[in-house]
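Please look through the sequence and the model below before reading on.

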Amino acid sequence: MIVGVPKEIKDNEARVGVTPAGVKALTEAGHTVLIETQAGALSGFSDDEYQHAGAEIVGDAGCAWGKADLVVKVKEPIEKEYVYFREGLVLFTYLHLAPLPGLTDKLLEARVAGIAYETVRDGNGNLPLLMPMSEVAGRMSVQVGASYLEKERGGRGILLGGVPGVPPAHVAILGGGVVGTNAARIALGFGAKTTLIDVNLNRLRELDDIFGGRLYTLASNSYNIAHVTREADLVIGGVLIPGATAPKIVTRAMVSQMKKGAVIVDVAIDQGGCVETARPTSHSNPSFVVDGVVHYCVTNMPGAVPHTSTLALTNATFPYLLRIANLGARQALAADPGLAEGLNTWDGRLTHRGVAESQHREWTSAAKVIG
Ligand SMILES: NC(=O)c1ccc[n+]([C@@H]2O[C@H](COP(=O)([O-])OP(=O)(O)OC[C@H]3O[C@@H](n4cnc5c(N)ncnc54)[C@H](O)[C@@H]3O)[C@@H](O)[C@H]2O)c1
């Protein structure tokens, strides 16, 4: 197969769909890999490294898309890229089609086979191609929060771990899923006093076991949330109700009771945020202040660490990519029902129930279309 890897052109997107290690494995398996020049540069991978691993470097996006049977990306295509859609093309990337009827139309019209990272499931029903980005964002949230707690960035001038004779900062983490657990690991590593709140008591039990009692756990209710946010120097939002807008469990009134110069990192902002005063921001203008509290609400946090994020993402996506390349899309989808859940469009038909329901369209199951 010919595998094409175009350079990402969405604003502030520095990740790339395949690393040099991926190129090596694909070429060893007999495939041809076309990398658009500079596609990996912002993630720390040069054209030379790709070439050395066996890739052919092509000068423009038209070649990377146009000559490939299978295109691998990171973000959903933006309008400028729609011109490359054509019948027979297999596209493997984040698609996020539910809120994008325009992109859905274009994929269907051009009869592209669109396999979306975010809907692929593993044998346990988890979303293995979403998880690495939550790991990155969870770990990064503490690092970012520590930096904003410094005086010159608007914070209250407190060192997360304290020093002998001076108590550490208090970090409050809302939600004990992938983001929350990774945030807890880093906050405890820094030596901060760390409290984690979740509605799921079994999850709190597991975390209590994992962190051996160093982590304070609390059941989620408005009394506990008000108490903990009032005490906290850094609040991290990592709450998720799958498929739904995040519940605003930290109200405006609670924010007004927080310490001046405290910091909120609302990681859940991509689902609307779990803090009432949060609104989406970008890497070019990441923070703002409400009631003396610094808010950091970047919707694509992993984009700030593209080298780590590209490696974490491709570690998860690559085994699927190799199977699609080796078997062909139809056979790879037929062999793995979890991968088939990733199929969103096929030969002009919408094949994902969630996307269809949110866009009020008809759909056909992946199993039926691939036969
Ligand atoms: N901003 C970014 O760049 C970025 C990056 C990655 C992930 N995210 C987002 O971070 C959020 C969390 O992701 P995740 O992978 O950790 O999800 P997850 O499903 O692993 O964890 C969510 C947790 O929230 C808990 N929860 C639900 N309702 C709650 C409530 N009322 N009070 C307390 N806890 C509650 C759940 O029990 C669960 O443990 C998602 O919205 C995800 O999209 C954002």
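This is a predicted model: local features need pLDDT of at least 70, side-chain atom pairs count only at pLDDT 80 or more; totals for chains, interfaces and linings use all residues.

Residues are numbered from 1 along each chain as its sequence is written, and side-chain values use heavy atoms, with hydrogens and water left out.

**The ligand and its surroundings**

- The ligand is surrounded by 26 residues, and the closest are Val179, Asp198, Ser220, Asp270 and Met301; a residue counts as near if one of its heavy atoms lies within 4 Å of the molecule.
- A backbone N or O atom of Val178 lies 3.0 Å from an oxygen atom of the ligand, and a polar backbone atom of Thr299 is 3.0 Å from an oxygen atom of the ligand.
- For Leu240, a polar backbone atom is 3.2 Å from an oxygen atom of the ligand; a polar contact is a pair of N or O atoms within 3.5 Å.
- On its own the ligand has 870 Å² of accessible area, of which the protein covers 84%, with areas computed by the Shrake-Rupley method and a 1.4 Å probe.
- The elements that give two or more residues to the shell around the ligand are H5, helix H6 (178-190) and strand S8 (193-198), and H5 gives the most, with three residues; helices (H or I, at least four residues) and strands (E, at least two) are DSSP runs numbered from the N terminus.
- The shell residues divide into 14 nonpolar, 10 polar and two charged, where Ala, Val, Leu, Ile, Met, Phe, Trp, Tyr, Cys and Pro count as nonpolar, Asp, Glu, Lys and Arg as charged, and the others, Gly among them, as polar.

**The loop between H5 and S7**

- Val163 is found in the loop between helix H5 (131-148) and strand S7 (170-174), and Gly157 lies in the loop between H5 and S7 as well.
- Val163 is partly exposed because its relative accessible area is 44%, and buried means under 20%, exposed over 50%, and partly exposed in between, with a 1.4 Å probe and protein chains only.
- Gly157, at 48% relative accessibility, also counts as partly exposed, and its C-alpha atom is separated by 51 Å from that of Phe85, 72 residues apart along the chain.

**Positive phi values**

- Most residues other than glycine have a negative phi.
- Gln38, in the loop between strand S2 (32-36) and helix H2 (47-52), has a positive phi near 70 degrees.
- His360, in the loop between helix H13 (353-359) and helix H14 (366-370), has a positive phi near 55 degrees, and it counts as exposed because its relative accessibility is 74%.

How values were computed:
A polar contact is a pair of N or O atoms within 3.5 Å; within protein, one must be able to donate a hydrogen and the other to accept it, and residues adjacent in sequence count only if both atoms are side-chain atoms.
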